[in-house]
Structure formats: structure tokens, C-alpha cells
Amino acid sequence: MQRTLPARLYGSPDAWTRERAAVFGSAWLFLGHEAEAAAPGDWIATDIAGHRLVAVRGKDGALRAFHNVCRHRAGPLVEGASGRCEGELVCAYHGWRYALDGRLRAATGFGNADGFDPREFGLLAVRLETWRGLVFANLDAGAPALTDHVAPLEALMAERGLAIAGPATRRTHDLTCDWKVYAENYLEGYHIGSVHPVLAGELGSAEYRVRVEGALVVQEAVGVNDGPQAGVWGWLWPNLGINVYRDGAMIERMTPVGPGRTRLDYLFLHDGGEAALGDALEASDRLTAEDARICEAVQANLSAGAYDAGVLSPRHEAAVAWFQSRIAEVHA
């Protein structure tokens, strides 16, 4: 029977530093939907585990990703989650100007400084790839292609004839717990009966199945509505829930923002827009509040010093065991 990770890895600054580099420094990180940056000059931006990234649509129609940092004195190129710039990215600190393909166009105030070559100070580029309209970035130039990473999910969706709709709205929630606490909660249905009474009633006697395929965890409540054929409820390493149904989808990113702090970034997708989401938003808010309450309580107990490690159920927590094994490799 597998033991859990030690409590010291949850909320620890040392663990945060190591995971920031070893997990999020080499993984495919979800940025948004390509339709959120549809026209030249449109951009989307985020920070994930301290990696501040921006993707901007170029004049040639290509979407490119960069670190959201000016090469002068590290000022921000954009501020906020999305927006539009008129033909160039301009640093908010000293006004350095960059073309949409990352080239430095003007080092404001530098003139013809001796030894300064603008060609050496373009933006720091990041790999960007898309899958079914979803935009991912990877800081590791040698990482396997995104298509390899999402292959199990692509196969499931193709088998079931599912598509991903366009973006409808975003929601965010701030939690005082380690990102791993929330991810582990997402990876099992063991807690549903105790934490989610409404959902438990909806599921009834349905069989809840969880399985791991490559970098994907698939969860299914067999026998509910149209059964597992109704959609795909998946979680993609290292921090992304992708829930796709017949008429829409919800992307849930568990975003580490510091030791013991997590931000949930939700992107709801529906071709009918936000108005068509109906009760889905209310249900999402209810489930998130329930999960946040228990995850924050777990974090408080992990930090209290009484608990060191527990055990995992082979029947109910196989995906948690898989996740913790990968995290343990980082801290070996």
C-alpha cells in the first residue's frame, strides 16, 4: 500500500522552488483559447508558478509566445489577462518597443550607445503549440511535442465525436492551499459523498471509474445520463482539468502562485456564449466552494505539524498515487 507524500512538501518554499523548475519549467502550460487572440495585436497573458508569459498574434497571423519581460530592466510588456496592442508591444516601465514577432524596434532614449546592438535584445521566446484551439506554451525547447502529450485525450475525443467550442467566459478563485492539495482532490471521486452532497445525489448509484493513460487521468461516472459517451472528464499533467461535453466544455487550470497558494483559472467554452451556460456556472461555483473549503482545511492540517504521512486506497486513489509518484521523483 502506497504511503502519501510527506506533509513538508505542501506549502514549503523549498518544494515550491523545486517544482517551479522541475515540473512547470518543462511541461506544456495552458494559456487560453486561440480565439481570445484572434486579430493581429491581440494578446493573452498569464503567470504559472512564477513564469510570466504572453502570447500575441503577429501581423502574419501567427501566434507567438514570449516571457512577459522587457530585456532592458525587466518591466512588463502587458498587464492583465488579455488585451490588444497597436502594432507593437511597449514596455510599461521605460517604453522599449518590440515588434509582434519579438524583435526590438526601439530602445527608447538609448540613441546610438556604444556597444549596443538591438538585435541582441529581442524578446525571450517560448515554444507555443495549439491543440483543438487551445494554446499551450513550454519553456523546455527539448520537450516532446504537444501532440504527443495530448494523444490519449485526442483519441478519446475522436472516438466519442466531441469538439471544443469557442470561449464564452472566464472565472477565477483564490485558494490558500498548495496546488498539489487541490490537484489530488481533483484526481479522485472518493470524497464526493462527503464533500459534494448535490453531486452525490445526481450520481446516485453510478459506478465512478478513474484510470491513467499516459499523462492523462480519465474520470467517468458510468450510467449517468448517456453514460461515459456523453463526454470526457480528464486531467492533463501537470495541472489542467479538461471537461468536454456534447454542448460545451470547461477548462480548469490549477495555477500555483506561491508556496501554499493556488489560483483556479476557469475557461468556459460554449458556442452560445456566456448566456447559454445557464446552470453550469452556478453548479461550478457551488462545487468549487465545496472543494475550496475542504482543501484549505487539509492544507491547515498539513501545516499544523501533527500529520506527517498517510496511506492511499488502491481502489479509490490510484490516480493520486500516480501523481504523487511523479512529484516524489522531483524531490528525490
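The questions and answers below concern a predicted model.

Visitor: How many disulfides does the count come to?

Guide: A disulfide requires a pair of cysteine sulfur atoms within 2.5 Å. The sulfur of Cys 85 lies 13 Å from the closest cysteine sulfur, in Cys 91, and is therefore too far away for a bond. For Cys 177 the closest cysteine sulfur is in Cys 295, at 5.0 Å, which is also too far for a bond. By this rule the number of disulfides is zero.

Visitor: Is Cys 177 buried or exposed?

Guide: The term buried applies under 20% relative accessible area. Cys 177 has a relative accessibility of 0%, so this residue counts as buried.

Visitor: Which residue is joined to Trp 237 by a cis peptide bond?

Guide: Leaving out residues up to four places away in sequence, Trp 237 touches Val 23, His 149, Ala 215, Trp 322, Phe 323, Arg 326 and Ile 327. The cis bond of Trp 237 has an omega of about 5°.

Visitor: Which residues of H6 make the contact with H3?

Guide: H3 passes H6 in a right-handed crossing. On the H3 side, the contact is made by Val 181, Tyr 182 and Asn 185. On the H6 side, the residues are Asp 291, Ile 294, Cys 295, Val 298, Gln 299 and Leu 302.

Visitor: How is H3 oriented relative to H7?

Guide: The axes of H3 and H7 come within 9 Å and cross at roughly 150°. Angles over 145 degrees count as roughly antiparallel. H3 is therefore, relative to H7, roughly antiparallel.

Visitor: Which residues of H7 meet H3?

Guide: The crossing in which H3 passes H7 is right-handed. H3 contributes Trp 179, Lys 180, Ala 183 and Glu 184 to the meeting. Their counterparts in H7 are Val 320, Phe 323, Gln 324 and Ile 327.

Visitor: What is the relative accessible area of Gln 324?

Guide: Gln 324 is placed in helix H7. Apart from neighbours within four places in sequence, Gln 324 is in contact with Gln 2, Arg 3, Thr 4, Leu 5, Tyr 10, Glu 184 and Leu 312. Gln 324 is classed as buried, with a relative accessible area of 3%.

Visitor: How far apart in space are Ala 106 and Thr 46, C-alpha to C-alpha?

Guide: Ala 106 belongs to strand E8 (residues 104-106), and this residue is buried, with a relative accessible area of 18%. In sequence, Ala 106 and Thr 46 are 60 residues apart. In space, their C-alpha separation is 25 Å.

Visitor: Is Ala 74 buried or exposed?

Guide: Ala 74 lies in the loop between strand E4 (63-67) and strand E5 (82-84). Its phi is near 70°, a positive value in a residue other than glycine. The term exposed applies over 50% relative accessible area. At 52% relative accessibility, Ala 74 therefore counts as exposed.

Visitor: What is the phi of Arg 132?

Guide: Arg 132 is located in the loop between strand E9 (125-131) and strand E10 (134-138). With a relative accessibility of 29%, Arg 132 counts as partly exposed. Its phi is positive, in a residue other than glycine, with a value near 50°.

Conventions: Residues are numbered from 1 along each chain as its sequence is written. This is a predicted model: local features need pLDDT of at least 70, side-chain atom pairs count only at pLDDT 80 or more; totals for chains, interfaces and linings use all residues. Side-chain values use heavy atoms; hydrogens and water are left out. Buried means under 20% relative accessible area, exposed over 50%, partly exposed in between (1.4 Å probe, protein chains only). Contact means heavy atoms within 4.5 Å. A crossing is left-handed if the near helix is turned anticlockwise from the far one by less than a right angle, and right-handed if clockwise. Helices (H or I, at least four residues) and strands (E, at least two) are DSSP runs, numbered from the N terminus. Axes are lines fitted to C-alpha atoms, for helices over the stretch in contact, and angles run from 0 to 180 degrees between N-to-C directions. Angles under 35 degrees count as roughly parallel, over 145 as roughly antiparallel, 65 to 115 as roughly perpendicular and the rest as oblique.
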